[in-house]
Amino acid sequence: MVLALRERDQYGVGERIEVTLAGALMEGLAYNSLWIEELPERYKSLREREIARRRAAGQPMNFTYEKLQAFLDPFYRTYCCKDGRPFYVVSGSHATHAERALKVLGIWDEMLASGVPVLDPYRSTREWPPGIDCTLRAYPITEPGRAALLNG
């Protein structure tokens, strides 16, 4: 993908990118299926928190497709283009991947304007401003940043 974007920047026309459906699906499923024992709370996604809550309450894991969407990471999920065609975003948890993905989608400035925090993910959260619990440059994205991304 990077080479196609470079081609677009250099010559004004990008390249068509084709990947196998299985390859694309496995990339997305890897993140949405990941389990790490004793993962610090800071790094748990809404999906992981909801699963833990349901386990503790003895509730079933019977999510409908629609209900599951509320708990998926905004950088590993399906969206629809304006013409109705679906596309799946896969943007790994790296300090620059989310920013680059949002710039390619043309919504980076909109996310900044919405107030989604953009802080250094490698600094201690004690150095972040009071009340900030996430950064666009690391997972998980919490509310209201997640809502801004999903509604943007």
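E110 is partly exposed, with a relative accessible area of 40%, where buried means under 20% relative accessible area, exposed over 50%, and partly exposed in between, for a 1.4 Å probe and protein chains only. The model is a predicted one, in which local features need pLDDT of at least 70 and side-chain atom pairs count only at pLDDT 80 or more, while totals for chains, interfaces and linings use all residues. Residues are numbered from 1 along each chain as its sequence is written, and side-chain values use heavy atoms, with hydrogens and water left out.

E110 belongs to helix 6, which covers residues 108-113; helices are DSSP runs of H or I with at least four residues, numbered from the N terminus. From E110 to A98 there are 12 residues in sequence and 14 Å in space, taken C-alpha to C-alpha.

A98 is itself one of the buried residues of helix 5 (residues 97-104), together with E99, A101 and L102. Seen down the axis of helix 5, these buried residues fall within an arc of 165 degrees, so they line one face of the helix; the arc is that of the directions from the helix axis to the C-beta atoms. An α-helix has 3.6 residues a turn, so residues three or four places apart point the same way. After helix 5 comes G106, whose phi is positive, near 80 degrees.

The structure also holds 3 cavities of 30 Å³ or more. On a 1 Å grid over the protein atoms alone, a cavity is a set of points where a 1.4 Å probe fits but cannot get out, and lining residues have an atom within 4 Å of a point. Grid points are joined across faces, edges and corners, and a volume is the space filled by probe spheres set on the points. Two of these cavities are set out below.

| Cavity | Volume | Lining residues |
|---|---|---|
| Largest | about 60 Å³ | R42, Y43, W128, D133, C134, T135, A138, Y139 and P140 |

By class, the lining of the largest cavity has 6 nonpolar, 1 polar and 2 charged residues, where Ala, Val, Leu, Ile, Met, Phe, Trp, Tyr, Cys and Pro count as nonpolar, Asp, Glu, Lys and Arg as charged, and the others, Gly among them, as polar.

Finally, a search of the whole structure finds 0 disulfides, a disulfide being a pair of cysteine sulfur atoms within 2.5 Å. The sulfur of C80 has its closest cysteine sulfur in C81, 7.4 Å away, which is too far for a bond. C80 counts as exposed at 58% relative accessibility, and C81 is partly exposed at 31%.

Conventions:
Helices (H or I, at least four residues) and strands (E, at least two) are DSSP runs, numbered from the N terminus. On a 1 Å grid over the protein atoms alone, a cavity is a set of points where a 1.4 Å probe fits but cannot get out, and a pocket is an open set with protein on both sides within 12 Å along at least five of seven lines; lining residues have an atom within 4 Å of a point.
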